[in-house]
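Let's take a friendly walk through a protein model together. Have a look at the picture and the sequence before reading on.

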Amino acid sequence: MSVPSKISLRDVAKSFGPKKVLQGIDLDVAPGESMVVIGGSGTGKSVLLKCILGLMAPDRGSICVDGEETVAFNDRSRARVMRKFGMLFQGGALFDSLRVWENVAFGPIQSDGMKAEEAREVAVAKLGAVGLGPEIGELFPSELSGGMQKRVALARAIAREPEIIFFDEPTTGLDPIMADVINDLIVKCVSDLGATAVSITHDMASARKIGHRIGMLYEGRLIWQGPVADIDHSGNAHVDQFIHGRAEGPIRMQVRKL
Amino acid sequence: MNIPLLTVLGRMFLAFLEATGAVTAFAFHAVRQAVQPPYYRRQIVSQILEIGYYSLPVVGLTAIFTGMVLALQSYTGFARFSAESAIPNVVVVSLTRELGPVLASLMVAGRIGAAIAAEIGTMRVTEQIDALTTLSTDPFKYLVAPRLIAGIVTLPILVFVADIIGILGGFLVGVYKLDFNDAAYLRNTIDFLQFQDVFSGLVKAAVFGFLITLMGCYHGYTSKGGAQGVGMATTNAVVSASILIFTFNYFITEAFFAR
């Protein structure tokens, strides 16, 4: 008997005016699996993630989490499912008016009703899990480097011990060494929590490291998906061009002459 | 391309209707979220301090100079008809009914409306509002409702203080520059003042407080793009709040004083 999917998408489509961003996405993510969606800029990766999170409503299709249809959820049901989610945003999206520990403790305090002192201990523990000392908790996000902000954002994403964690371009804007550190932390945190992970990235080193399975999004469709080990012999010309970063191939970048 | 004038006017009218509908829907949703628990008390207190306490210096300065100018201008005009004794009455009625609420609200719109739009707009473009949602926190309850509540609560207090400071400004000019008798000036002021004068000004202040914070929140929340989008949101928040203040000022005045 097959294991029921943690996340299941069927025929999900989303357009902005005449621009069709998603054109019928089918995707299944098993419990405990780490799925990475790759694709060029503007192919709809972020829109796909926002549709699954409920930050954006798809025009059609079905999105199920633990077998529960989420597309037509009301606010209360949405909040209940959101409790299962953790999200690492591309730019960190840390609250700049709050100290680092308050950022990490935000979910436990505001949403779960945890006492501030208890939540502070949780925040310090989570900061420790991403390699940051308690003294960092007293700083404001603007006082941190890009890599440290990503770590704090990761600590915030795992603070409520979510069942599903989403990563939006987790290594964008980081140097290769810091990117690898973040990849290692993601693998460790997801594994420690036993969580399901969905990541979007165009960084192939990151995709190979954090993913069990990879899917490639192109022109609003998942044109290939399979285990990480199969990506180098996918038999798909689009995938080959993308993972090797070639300018020549079936994917044409629209470059306007100056 | 030659577009007929009627087509341009039609498009502008439709755009106006669309914007009005969007603001009204935003306002209804915000008010509904503001009256339903949970209430973020810390956020509400922090916004009351930001909107009320920290606006006191600018509102106070506006009020005192307005009162002083009003006394001076009234004197130069009324002296032609030997009606100088009406100056305390003119100062107090003008300030409590109109100038106090309108000028204080315009100053707050410039200071707070812009700040709210810039803060929420920056949160929007840096995905902090999306982050709130993923942390199971309703952005309307956490960001919008506390600002609306603080605006409605603090503007009447600010305007009441502005009324007192403005009357003081008129008193100082009247007594120390125009040689009025201090006791007579105060007696004239108090005798002529009616409860409705102050009350109508405070009602205006509450409505203006709602409008200023609503416009700041709406334009910030719906801002798009990067720095340019936030800049536009800030400008739009101040301009739209100012226009709404003048518009609603007329209708509230009509409701209280029309015969």
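What follows is a short tour of the two chains, from overall make-up to single residues.

This is a predicted model, in which local features need pLDDT of at least 70 and side-chain atom pairs count only at pLDDT 80 or more, while totals for chains, interfaces and linings use all residues. Residues are numbered from 1 along each chain as its sequence is written, chains are lettered from A and ligands numbered from 1 in the order in which they are written, and side-chain values use heavy atoms, leaving out hydrogens and water.

**Chain B as a whole**

Chain B has 9 helices and 0 strands; here helices (H or I, at least four residues) and strands (E, at least two) are DSSP runs, numbered from the N terminus. Its C-alpha atoms fill a box of roughly 65 × 55 × 35 Å along the principal axes. Of the 259 residues in chain B, 46% are buried. Buried means under 20% relative accessible area, exposed means over 50%, and partly exposed is in between (1.4 Å probe, protein chains only).

Chain B exposes about 13000 Å², and carbon and sulfur atoms supply 69% of that area. Such areas come from the Shrake-Rupley method with a 1.4 Å probe; for residues, only the protein chains shown count as cover.

**Strands in chain A**

In chain A, 4 strands form an open sheet in the order β2-β1-β4-β5, with antiparallel pairing. The edge strands of this sheet are β2 (19-29) and β5 (68-69), each pairing on one side only. Two strands pair if DSSP finds at least two bridges between them. Strand β1 (residues 7-16) of chain A joins β2(A) over 8 bridges in the antiparallel sense, and A:Ala13 stands opposite A:Gln23 in β2(A).

Which sense of pairing links β6(A) and β7(A), parallel or antiparallel? They pair in the parallel sense, over 4 bridges. Within this pairing, A:Met87 stands opposite A:Phe166 in β7(A). In a regular strand, side chains alternate between the two faces of the sheet. Both faces of β6 (residues 85-88) of chain A are covered: A:Phe85 and A:Met87 on one side, and A:Gly86 and A:Leu88 on the other, are all buried.

**Backbone details**

Most residues other than glycine have a negative phi, and most peptide bonds are trans.

A cis peptide bond, with omega about 0 degrees, joins B:Pro37 and B:Pro38. B:Pro38 lies in the loop between α1 and α2 (41-51) of chain B.

**Cysteines and a loop residue**

How many disulfides does the structure hold over all chains? The count is 0, where a disulfide is a pair of cysteine sulfur atoms within 2.5 Å. A:Cys189 is buried because its relative accessible area is 4%, and B:Cys217 counts as buried at 0%.

Finally, A:Asp175 sits in the loop between β7 (164-168) and α6 (176-193) of chain A. At 44% relative accessibility, A:Asp175 is partly exposed. Its C-alpha atom is separated by 28 Å from that of A:Leu53, 122 residues apart along the chain.
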